[in-house]
Amino acid sequence: MDSQPLALIVRSPGTNCDLETSIAFQMAGAETECIHINSLVENPEQVDRFQIVCFPGGFSYGDDLSAGQILAFEVANRLFDRLRRFPQEGKLILGICNGFQVLMKTGLLVSPDDRGFPASLTWNTNGRYTDRWVHLVPGESRCVFLQGVKSLYLPIAHGEGRFVVRDEATLDSIVNGGQVALQYADDSENPNGSIANIAGLSDPTGHVFGLMPHPERHIQATQHPHWTREGLSEHPDGRLIFENAVRYFQNSTFPATSAVSVK
Amino acid sequence: MLKETIFAATQSIRRELSDDDWCVSVFKDNAGIVKFNDDHNITFKVETHNRPSAIEPYGGANTGLGGVIRDTMGTGMGAKPVCSTDVFCFASPDRSYESLPPGVLHPQRIIKGVVAGVRDYGNRMGIPTVNGAVYFDDRYIGNPMVFCGNVGLIPTDKSFKEPQPNDLIVVLGGRTGRDGIHGATFSSVELTDKSEKVSSGAVQIGNAIVEKMVLDVMLQARDQGLYNAVTDCGAGGFSSAVGEMGEDIGAEVWLEQAPLKYSGLSYTEIWISEAQERMVFAVPEEKWPELKHLADSESVEATVIGRFTPTGNLTLKFDGTEVGCLPMEFLHGGRPPVIRNAKYRPAQPVELTESDLKRIDPHETLHAILSAPNVASKQWIIRQYDHEVLAGSVIKPLVGVKNDGPSDAAVVQPLLDCARGITISCGMNPLYGDFDTYHMAASSIDEAVRNCVAVGADPTRIGILDNFCWGYTDRPETLGSLVRAAIACQEVAKEFKTPFISGKDSLNNEFSFNENGERKTISIPSTLLISALGQTPDVTQCVTMDMKKAGNLIYLVGVTRCEMGGSHALLVNQLHGKGNVPQVDTQRSVQIFNAIYSGISQRLVRSCHDLSEGGLATAIAEMCFAGGLGATIDVASIPVLSEENLINVIRLFSESNSRFLVEVQPENKADFEALLPPALLSQIGTVCESRTLTVLSGGETLLTESIDGLKQSWQKTFDWK
């Protein structure tokens, strides 16, 4: 496999974080292409060219019906079979904010059963869109994107980010399946009322990752809200997620041995 | 009139700058354009959307922001929106329902609707809202003010447009419907208790995603060279978009071709509808198939509705029948000049007596100012806006150790691979206008500029915009106060060498209603918003207003005078209307702005905050609680004029212009003090670890405040669920 992975950034009507997400992948060493969902729906085989597929943030189709729902329909109908094979093929899928909502609603992270989806993302408990920074810690998962990560400080900006489950059994299976990839550091850091402070999920293999916070908004030191107090960090937290994705394709012996510790 | 004052000031500054002129296109296109770096220019426009927001707050504010974003998109060959600023004026949110005049919505309903409208348009389009302000005055009860501004980025070689004869007229984006019919004329009439019924059809209906789709297609089409010109459909819809673009050529429009939301529109309705999310392009015939293909690939509707025919006439056709024809020359130059009378009579000064001043208790006044709605934390609003999308956020609207202190201005890095940044701020003080609109305007310019300078903007590269919102200007006294403000703009801009680059006004902001058989009218206070767009060569030089470290020195820069008129200290003590309103000493201001910039760019400044509403006491309190640190200062040490003998409450609360509080590390003391003479700069205290703000006057203690208590007063007003 080529050591420089090629990442697909999926655009749709209302996607609005595609540019900075693309830059984040490029800074980490990936090559990127932004392709509109109309083109992917017409020619789904394009997806096979890529090692990484990323659904970036935004308001796909205005989040009408519910956040990410319409784009999720398109992905589920036209791309699902190809994307479902990604983990076995050693490829990665990342969903950020609206992209996480899309992944949840396609079933790429938690499969539906005969009663529908047992877990989802819904309206924040405060009932409104909220932009703030949160402290995060990785959960227990095999998530490729979080290898070596000890903690993260990233912004969230969403209205529908509260992770909910149908029942206790669903939560147990998500926890026991090693899917809790990322959590708000404590209750006071939980901005939306997510159960178990869950901020991000991975699939059981760790190859598919969805998160509500925006790592692509913390790839430069001056994006940190305290840089005028604490100085310019050499290694902004958000970069780690993109670097892990790229490193995965460069190291034959994954997981990466050089754990990165972040304050 | 504005041409002879504001525009004239810009022309004279540009002439003086000569080869160093950094204005590119001002008062010409949909937004003002100034130089940014070698490859890019930046654009800035601020619009008002007052009338629609009064009767339908959500839709009014929603399309207000959508409209100004289209101004950016319609500038040059199409600029890319980078960030937004939104400023509002409302009546007090605590008004009782019983006290409302008939036909007006409750201020809280208006506030919540307006904020939601701005939030949903900006967030959905993915354009960060980084700056804003909210002013409260009960005279806005029938006429709330909604100012929406947008900054754009445009390649230098795409900054001008030129439609060519025989280009196709192409409309891209939303369909045309009956919404927004007569929106343009509605925006100039007096509102009454009947407006909601009579004029609701003039309110437009927004759809941010459609506009985002148009933007995505437009930027690709621009870079592929698929059109010769673009403009937005704003007020007047097709009529003004096509009329403006075809001014030098002529145009023939086939109105039946316009895609409609539903059938049944007359050709007049199609021609003047202000349906949203439509852009008009001049497209060479050979490029049309390529543009159509591109638009189709992203599900954006593109339709040919006419041709720029080189006839010099604007011809309208419907199903082949000519339904209108006017020469372009008449359309653009045919209107006779309007002559109105203006009269100015200065307000009678009311003396602020010693017994008035004795009523001002420092402790209670400071807490009351911090809780006053104009000053109090707007976190409830700010957190609903995405202020970080596009990843250019350098100084956020809320700063400090807990991310909740009030930033003076926002700093944005529009190109992530270029350290150069822009700063956005505003200045406005309708209370000063009750004294003299000249000094109100001068103070607003000073405030907008000093907010930019406080975060690190280069004072020689700040462009400003004006938005005059006034009452009924056929009344000579009302027009007189407007003329006086415009003269101040001209004089101060010239002295500051700060050019106006764009502007927009909104007149006749009055509300009439019947009460007990009597006709009553409420006029808004004279309201001038100055928005400033500054630049910094390196965003890593920028500073925030939160105190950084115990042991650092605190300086007051600028002169405090007996200028309590219009101050918040008098307002919260029910003494508004007395005293002398703050004035601007332009020579001194320029000297101070340059010195602050010099200090910041030499990295001698750890934090900097401008002094505005509530004066010194309020500014030091904000710096302390934002930084989570205490301070001890002595007001006996502040720079004053030797001939003035200022008592302590004036030193604490005067709102004299061009003043900053600056935090400096002890090792930089000598270098910082070398920036200005002692008459303009003085060390007044130090930062301390304890969470207490102590204010002394020589041996006397004026204030001992817990910073947590101060913060609580500042945050409780809008702690809305």
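Which strands and helix of chain B do the buried residues of H8(B) pack against? Before you click, some housekeeping: residues count from 1 along each chain as its sequence is written, while chains are lettered from A and ligands numbered from 1 in the order in which they are written. This is a predicted model, where local features need pLDDT of at least 70, side-chain atom pairs count only at pLDDT 80 or more, and totals for chains, interfaces and linings use all residues.

**Stop one: H8(B).** Select residues 238-245 of chain B. Helices (H or I, at least four residues) and strands (E, at least two) are DSSP runs, numbered from the N terminus. Here 6 of the 8 residues are buried, so the helix is largely enclosed by the rest of the structure. "Buried" means 20 or more other C-beta atoms within 10 Å of a residue's own, "exposed" 12 or fewer, and "partly exposed" in between, with C-beta atoms placed from the backbone. Show Phe238(B), Ser239(B), Ala241(B), Val242(B), Glu244(B) and Met245(B): these are the buried ones. They pack against strands S7 (168-173), S9 (229-232), S10 (251-254) and S11 (278-283), plus helix H9 (267-272), of chain B. Contact here means C-beta atoms, placed from the backbone, that lie within 7 Å.

**Stop two: H13(B).** Now pick 362-371 of chain B, where Pro362(B), Thr365(B), Leu366(B), Ile369(B) and Leu370(B) are buried. They span an arc of only 130° around the axis (taken from the directions from the helix axis to the C-beta atoms), which puts them on the same side of H13(B). As a reminder, an α-helix has 3.6 residues a turn, so residues three or four places apart point the same way.

**Stop three: the core.** A nonpolar core is a set of buried Ala, Val, Leu, Ile, Met, Phe, Trp, Tyr and Cys residues joined through C-beta atoms within 7 Å. The largest one has 300 residues, and Ile445(B), Cys489(B) and Ile620(B) touch the most other members. Its largest share, 11 residues, comes from helix H16 (residues 437-455) of chain B. Zoom in on Cys489(B): its contacts, not counting residues up to four places away in sequence, include Thr5(B), Ile6(B), Ala441(B), Ile445(B) and Phe500(B).

**Stop four: strands.** Strands pair if DSSP finds at least two bridges between them. S8, S22 and S23 of chain B form an open, mixed sheet in the order S8-S22-S23. S8 (191-192) and S23 (518-523) are at the edges with a single partner strand each, so one side of each lacks a neighbour in the sheet. S8(B) and S22(B) (residues 510-515) run parallel over 2 bridges, and Leu191(B) has Phe511(B) as its bridge partner.

Then hop to S13(B) (residues 313-318) and S14(B) (residues 321-327), antiparallel over 6 bridges. Phe318(B) sits opposite Thr321(B), and in the hairpin, with 2 residues between the strands, Asp319(B) takes a positive phi near 55°.

**Last stop: Leu219(B).** Look in helix H7 of chain B. Leu219(B) is partly exposed, with 14 other C-beta atoms within 10 Å. Leu219(B) and Lys80(B) are 139 residues apart in sequence but 7.5 Å apart in space, C-alpha to C-alpha.

Methods
Two residues are in contact if their C-beta atoms, placed from the backbone, lie within 7 Å.
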